[in-house]
Amino acid sequence: MITFFKDIIRGALSLIKGMLVTLKYFFQAPTTLQYPTQKLKMAQRFRGLVDLHKEKCIICYQCVKICPTGCLAISHKQGEDKKKQLEIFNYNMELCCFCGLCEQVCPASAVYLNKIYEIALYSREKLHVDLLEPDKYAEWNNAGDNH
Amino acid sequence: MTVSAQEAIFMIMTAAAVLGFISASAMFLIWFERKVSAHIQSRLGPMRVGWHGCLQSIADAVKLLLKEDIMPSGADKVVWWLAPFMATVPAVMAFAVVPFGRNLIVKDLNVGILYIIAVSSISTLGIMMAGWGSNNKYSLLGGMRSVAQIISYEVPLLLSIITVIMHTGSLSMQKIIQAQQHLWFIFYPNLALSFLIYIICATAEVNRAPFDIPEAESELVAGFHTEYSGMKFAMFFVAEYTNLFIISAVAVTLFLGGWQGPLLPSFIWFLIKVYAVIFVLMWVRWTFPRVRSDQLMAFAWKRLMPIALVNLAVTGLVLIR
């Protein structure tokens, strides 16, 4: 008889406890993001597409050497002021494994991985990018935060 | 019985008004439930159709209207066809005695509350027919469970309502509200207990979680309405939400002072109270897990029944004294 009432009281209290939990969540802001209009801010160490600060590059070829898949291709020429000038900085996204070694090895912090994550495309040709072009990632740039 | 032209027009108009209110209310409640459940689960719910998805239910209704009406082979045709109507019509009929406002009631029967209880029990038949007619084991199990559940919970439900009737001495909905002029019945300790019993039993009566074993998704697909599609499914849906409105309206009438309240017009007070009760029921639904079949029966017969009986006896003693 005593356990009968004990059970009822304990049960009722636990029900109230549960309802308070859901009430708390009811008044909290939802965690859902309205994806195409609202976008998640990528973490600081997120590894997106390989990108380049042109002016910082010292043309040391270290990124090309360390790249495990060989997706970077650089060539340079001697400028009129006897200084090296970048001629080609090609990036083959098809091969890239987003390991970030190029970013780590770059002594001038010229090569970096940006925050673009919506990288699906309709044509394969667009996966071969010339990093020297100023608006090479224009198609993707609406995604995420750039550097 | 002869009916004059004026009376006939009045009857048709009230019927149209009630039907309009029912469909609008059901659509609002479906949207409301989706929003409440979403926010309880840290989601947003419908957001795309209209402001915060407020037109979502209309879009869904249009979709359901356009859907193909499929009948399973081997279904009991007549029973299968009649079932959605048997489930919906009682829900609509119960609106006849719901007191929306001071003078806003279709017909203030002198046996109003008895009428509601009697009529709303018929919708069980619709569920049973749907379960039997579908020729589907899940539907049949859902229908059987529903009948067992509703028969069990009807008993404490009626016992809790009787305590209110003992206080008022009348079965008329308007008289019950007038008896609460000075103090709502929920503030009497014995009637507050009756209110709790009533709300629990009413939740079970309309097959809502945590008592939704007749349509337990994880066991029975969708229970009695597994085989229904298109508008027939929509009718079960409307019946479900209309019943939800009815039980809340009865709760408000019996325990929360009905349409009585200061300043605002009476029907607004009534709707505010009803939707508050509905919110609590939704809150309960999205908080608790479904109970097992045997737990459900044990709860009705071993917990609610004795408590309701003792409450009845105590109310009798209080009134005699």
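## A buried pair in chain B

B:E33 is buried, and B:R208 is buried as well. This is a predicted model. In it, B:E33 and B:R208 form a salt bridge. Their closest N and O atoms lie 3.0 Å apart. The pair links distant parts of the chain. B:E33 sits in helix α1 of chain B, which covers residues 5–40. B:R208 sits in the loop between α7 (189–205) and α8 (217–220).

Which residue does the side chain of B:R34 meet in a salt bridge? The partner is B:D60, with an N to O distance of 3.3 Å. This pair also links distant parts of chain B. B:R34 belongs to helix α1, and B:D60 belongs to helix α2 (residues 56–66). The two are 26 residues apart.

Are these side chains buried or exposed? B:R34 has a relative accessible area of 36%, so it is partly exposed. B:D60 has 24% relative accessibility, so it also counts as partly exposed. The cut-offs explain both labels: buried means under 20%, exposed means over 50%, and partly exposed lies in between.

## The length of helix α1

Helix α1 of chain B has 36 residues. At 1.5 Å a residue, α1(B) should span 52 Å. The C-alpha atoms at its ends are 51 Å apart, which agrees. After α1(B) comes B:S42. The phi of B:S42 is positive, near 60°.

## A bridge between the chains

Over all chains, the count of salt bridges comes to 9. One of them pairs B:R303 with A:D7. Here the closest N and O atoms are 3.9 Å apart. B:R303 lies in helix α11 (residues 293–320) of chain B, while A:D7 lies in helix α1 of chain A, so the pair joins two chains.

How exposed is each partner? B:R303 counts as partly exposed, at 24% relative accessibility. A:D7 counts as partly exposed too, at 35%. Salt bridges that share partners also bring in A:R10. Together, A:D7, A:R10 and B:R303 make one network.

## A nonpolar patch on chain A

Which residues form a nonpolar patch on the surface? They are A:M1, A:F5, A:I9, A:L13, A:I16 and A:L20. Together they have about 680 Å² of accessible area.

Take A:L20 from this patch. A:L20 is placed in helix α1 of chain A, which runs over residues 2–27. Its relative accessibility is 52%, so A:L20 counts as exposed. The cut-off for that label is over 50%.

## Chain B as a whole

How many helices and strands does chain B have? There are 11 helices and 0 strands. Read along the sequence, the pattern is α-α-α-α-α-α-α-α-α-α-α. The radius of gyration of chain B is 20 Å, close to the 20 Å that the globule rule gives for 321 residues, so chain B is as compact as a globular protein of that length. Along its principal axes, the C-alpha trace spans about 65 × 50 × 50 Å.

Of the 321 residues in chain B, 50% are buried. Take the contacts in chain B with a separation of 6 or more: residues 24 or more positions apart account for 75% of them. Chain B exposes about 15000 Å². Carbon and sulfur atoms supply 72% of that area.

How values were computed: Residues are numbered from 1 along each chain as its sequence is written. Chains are lettered from A and ligands numbered from 1 in the order in which they are written. This is a predicted model: local features need pLDDT of at least 70, side-chain atom pairs count only at pLDDT 80 or more; totals for chains, interfaces and linings use all residues. Side-chain values use heavy atoms; hydrogens and water are left out. Patches are made of residues with over 30% relative accessible area and no salt bridge: like charges are joined within 9 Å, nonpolar side chains (Val, Leu, Ile, Met, Phe, Trp, Tyr) within 5 Å. Accessible areas come from the Shrake-Rupley method with a 1.4 Å probe; for residues, only the protein chains shown count as cover. A salt bridge is a side-chain nitrogen of Lys or Arg within 4 Å of a carboxyl oxygen of Asp or Glu. Helices (H or I, at least four residues) and strands (E, at least two) are DSSP runs, numbered from the N terminus. Buried means under 20% relative accessible area, exposed over 50%, partly exposed in between (1.4 Å probe, protein chains only). The radius of gyration is taken over C-alpha atoms; the globule rule is 2.2 Å times the number of residues to the power 0.38. Contact means heavy atoms within 4.5 Å. The expected span of a helix is 1.5 Å times one less than its number of residues.
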